[in-house]
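Subject: Structure for your review

Dear colleague,

Please find the structure below, together with its sequence. My notes on a strand and on several charged pairs follow it.

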Amino acid sequence: MNATRRRGARLRLVLAGAATIALLGPVAWLWQDSLMPGAYSVMDMGYADHGGALTHVAGTSAHSAHSGHGGHGGQMAPARSLTSLTADPERTPDVAVTLVARKQRFRLPTGREVDGYTLNGTSPGPVIHATVGQLVQVRLVNESVPDGITLHWHGVDVPNAADGVAGVTQDAVGVGRSFTYRFVADRAGTFWYHSHQVSHEQVRRGLLGALVVAPAARPPAAVDVVALLHLYDGARTVNGREGDVRTEAAPGARVRVRVINTENGQTPVWVGGAPFRLAAVDGTDLHEPAVVRDTAVLVTAGGRADIEVTMPEDGSPVRVHVGGPTGVVLGSRSYDAPAAPRPATTLDLLSYGTPAPLGFDPDRPDRRFDYEIGRRPGFLDGRPGIWWTINGHMFPDVPMFVVAEGDVVRVRIVNDSSEPHPMHLHGHHAVVLSRGGVRATGSPWWVDSLEVGTGETYEIAFVADNPGVWMDHCHNLPHATEGLVAHLMYEGVTTPFTVGGTAGNEPE
Ligand code: C2O
Ligand code: CU
């Protein structure tokens, strides 16, 4: 090798090194910049989005990493901690339950062994029953779940301090500790509860159960049955059993089957052997739902669908399929109901039932937000990957949706991310206004969990009537760990809790 060629080789090496630094320098910076601190308040995440409203609160218009977005000073009411947002502490509970959580191996009725979590020895935990207006008090005891636990009341618009989100509304409950939830069951319907600490793992492994709130006046259906769908290690179960759940129902009896989808994806439900009505969605009765047949109902992940069936007079059994060939079989003399194939037709809630007053005017909103879901490569807490974005921003640099109590809020949810997302807003029910620009014409369609399919756009609206700091996230729980989480906060409300920290809070 002569001197010139050696020099050339050295130059190439130097240039290659420089190129590597030039390329990796920004990447290293992005990596470094994505690392989450050991403890942080969700109020310090991202940037405030006031939804176009003029804000009266000082210090909220710009990004302020240290003071957060919350009300401090300004002309508004003084800041209050969300720990003060509770049900009346003086009131005696009408329903009082203690739930003891354990990490343990347990068996499904088929004998299949599951390494998971139980509440009072079972998974799902016990069904909690209440009547509208009653004060429900649940004492959660952690006997042996090492990561700590919480309970979130999915679909119940509880006072914020009872929302059960680790690091946002409370600290995770460590082994040997307890936490008491208190809320008034404000509406009749089907709900569920689940851990919101390391929820993608704790929900999957069984830390969940059903909550049924009966109406105060309306006569209950003759037969009322919960059908909670959950997969344990891939085994599809209803109420914790593989195979059919048999329920006795006399000929002519009116039956309500409360389907709860605790899974990460949308699930079809259909009925063989009788026509049915979809009586309620996400804990709200639909208005004048028509009787349908040969139609599937899609239940959003986290969502609920109450199916109402009138039993055939001839005594033949009825099969309510929950996501597949099995489900709930209703019968009296016989439970021999053949499996029916999934119908080709799907019920469209945009035009099902008839209109009724909403109680507010969504066309005169005080705030308008976009929640646009995308995807791009980058680092999330130092991990390289392709992560979700909200309005172009990657977690934790996502919008904080800021409202004031009493606001009418309109949200446009756009999904440009090539995967569906079941979006769940805590503490509120929102009404669907339109999908893909087509206005809703059926019954008011109130949701707490809304499937937003690939390429879809929904407009929803709600009244900001429940002060607090509320998660607004994807209920495909692994997606939440991949950054599809934002929050809705009320001006003047603050949280003393932090994600991470000594309690090890990890809500996703
Ligand atoms: Cu069902 Cu944020 O949860
Ligand atoms: Cu998602």
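Please bear in mind that this is a predicted model.

I begin with the pairing of strand β10. Strand β11 (residues 208-214) runs antiparallel to β10, and 6 bridges join the two. Within this pairing, Leu-208 of β11 is the bridge partner of His-194. β10 also pairs in the antiparallel sense with strand β8 (residues 152-154), here over 3 bridges. In that case Tyr-193 of β10 is the bridge partner of Trp-153.

As to burial, 6 of the 6 residues of β10 (residues 189-194) are buried.

I turn next to the salt bridges, of which the structure holds 29. Three of them are described here.

One salt bridge joins Arg-187 to Asp-157, with 3.7 Å between the closest N and O atoms. The two residues are 30 apart in the chain: Arg-187 lies in the loop between β9 (178-184) and β10, and Asp-157 in the loop between β8 and β9. Arg-187 is partly exposed at a relative accessible area of 23%, whereas Asp-157 has 17% and therefore counts as buried, the limit being under 20%.

Another salt bridge is formed by the side chains of Asp-306 and Arg-256, at 3.0 Å from N to O. This pair links strand β20 (residues 304-310), which holds Asp-306, with strand β15 (residues 254-261), which holds Arg-256, across 50 residues of the chain. Both partners are buried: Asp-306 has a relative accessibility of 2%, and Arg-256 a relative accessible area of 6%. Both also belong to a network of salt bridges that includes Asp-224, Arg-254, Arg-258, Arg-277, Asp-285 and Glu-308.

The side chains of Asp-363 and Arg-410 form a further salt bridge, again given as 3.0 Å from N to O. Because Asp-363 sits in the loop between β23 (345-346) and β24 (367-380) and Arg-410 in strand β28 (residues 408-415), the pair ties together parts that are 47 residues apart in sequence. Asp-363 is partly exposed, at 42% relative accessible area, while Arg-410 is buried, at 9%.

With kind regards

Note on methods:
Residues are numbered from 1 along each chain as its sequence is written. Chains are lettered from A and ligands numbered from 1 in the order in which they are written. This is a predicted model: local features need pLDDT of at least 70, side-chain atom pairs count only at pLDDT 80 or more; totals for chains, interfaces and linings use all residues. Side-chain values use heavy atoms; hydrogens and water are left out. Buried means under 20% relative accessible area, exposed over 50%, partly exposed in between (1.4 Å probe, protein chains only). Helices (H or I, at least four residues) and strands (E, at least two) are DSSP runs, numbered from the N terminus. Two strands pair if DSSP finds at least two bridges between them. A salt bridge is a side-chain nitrogen of Lys or Arg within 4 Å of a carboxyl oxygen of Asp or Glu.
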